[in-house]
Amino acid sequence: MVDALRRRGIADEAVLAAMNAVPRHFFLDKAFEEHAYEDKPFPIGQEQTISQPFTVAYQTALLLVKPGDRVLEIGTGSGYQAAILAALGGKVYTVERQEALYFSAKKLLADMGIRAVKCYFRDGTKGLPEFAPYDKIIVTAGAPVVPDALRQQLAIGGILVIPVGEDVQYMYRIERIGESEFKEEMLDAFRFVPFLEGVAKKQ
Ligand code: SAH
C-alpha cells in the first residue's frame, strides 16, 4: 500500500511510516478485509465510507502533524484517520455525528490500545469548543462551506484541511496567520460523503 502511495506522489516519510504502522484491516468490515491494503474506499455502515488510503495520506501530509500537536478531526467514521494522526504523535479529538459509528470506533481504538484519541458524539459543524484551540483541524466529509466555528477554533499558526464543495470537493488548506487573518489555498478535487448538520441516533 505504501509503495502505491509513493507512486501516486505522497512523499512525506512520516505520513508513509504512520500508514505502514496502522493495520487498516482492523477498521474494515470482515467482508472487505482481504482488500484492506488496496487504494479503495469501503462501506463502514450508516451509508458512510472509510476514505481511500491516498486521500488519507494526502490530507494528513497537508496537516504537518508534529508530536504533541492538538488535532481535531471531524468525521471519525471507522477511526482509521484518527489512528494515523495518533501514530504521528498527535493528541487527537475526533467527532462523529452517527452514534453507531461513534460507538464502534471508540471501542475499536480502545481495544487497539490507542489512548491518544478521544471520541465525541457531536455535530462537528460546531467543532469541539471546550478543548480549543487546536494546532490542526481535519474534516473528512465534503463541506458546502467552511464552518466559521472551525476557523475560530484554530490556534494562530494552525492549519485546517477541509474538502469544500457540493458534488465535487476541492481540498482547502487554510492557515490561521493572525486573530482574523487566514491564508487559503485551493488544491485538488475529491469526492467525499456529505458533511451534515445535526446528529443521528443509533436505531
Ligand atoms: N475519517 C473517517 C472517514 C469517514 S467518512 C475514516 O477514517 O474512516 C466521513 C464521516 O464524517 C462519516 O462517518 C460521517 O458520518 C461524518 N460526518 C459527516 N458530517 C459530520 C458532522 N457534521 N459532524 C461529525 N461527523 C460528520
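**Salt bridges**

Begin by selecting glutamate 33 and lysine 30, which form a salt bridge whose closest N and O atoms are 3.5 Å apart. A salt bridge is here a side-chain nitrogen of Lys or Arg within 4 Å of a carboxyl oxygen of Asp or Glu. The model is a predicted one, in which local features need pLDDT of at least 70 and side-chain atom pairs count only at pLDDT 80 or more, while totals for chains, interfaces and linings use all residues. Residues are numbered from 1 along each chain as its sequence is written, and side-chain values use heavy atoms, with hydrogens and water left out.

Colour the two partners by accessibility. Lysine 30 is exposed because its relative accessible area is 68%, and glutamate 33 counts as partly exposed, at 30%. The classes are as follows: buried means under 20% relative accessible area, exposed over 50%, and partly exposed in between (1.4 Å probe, protein chains only).

How many salt bridges does the structure hold? The total is 14. For another, select aspartate 69 with lysine 66, where the N to O distance is 3.5 Å. Aspartate 69 is buried, since its relative accessible area is 5%.

Next, move to helix H5 (residues 99–111), which contains both lysine 107 and aspartate 111. Helices (H or I, at least four residues) and strands (E, at least two) are DSSP runs, numbered from the N terminus. The closest N and O atoms of the salt bridge between lysine 107 and aspartate 111 are 2.7 Å apart. The two residues lie four residues apart, about one turn of the helix. An α-helix has 3.6 residues a turn, so residues three or four places apart point the same way. Both lysine 107 and aspartate 111 are exposed.

**Two covered helices**

Select helix H3 (residues 53–63), in which 10 of the 11 residues are buried. Among the buried residues are Phe54, Val56, Tyr58, Leu62 and Leu63. Step just past H3 to leucine 64, which takes a positive phi of about 50°.

Continue to serine 78, in the loop between strand S3 (70–74) and helix H4 (80–87). Is serine 78 buried or exposed? Serine 78 counts as buried because its relative accessibility is 11%. Display the side chain of serine 78, which reaches the backbone nitrogen of tyrosine 80 at 3.2 Å.

Tyr80 is itself one of the buried residues of H4, together with Gln81, Ala82, Ala83, Ile84, Leu85 and Ala86. H4 is thus mostly covered, with seven of its eight residues buried. After H4, select glycine 89, whose phi is positive, near 95°.

Now select strand S9 (residues 181–190) and locate leucine 187 within it. Leucine 187 is partly exposed, because its relative accessible area is 26%. Draw a distance from the C-alpha atom of leucine 187 to that of glutamine 169, 18 residues apart along the chain: the separation is 9.7 Å.

Finish at lysine 118, which lies in strand S5 (residues 117–121). Lysine 118 counts as partly exposed because its relative accessibility is 43%.

Note on methods. Polar contact = N/O pair within 3.5 Å; in protein donor to acceptor, adjacent residues only side chain to side chain.
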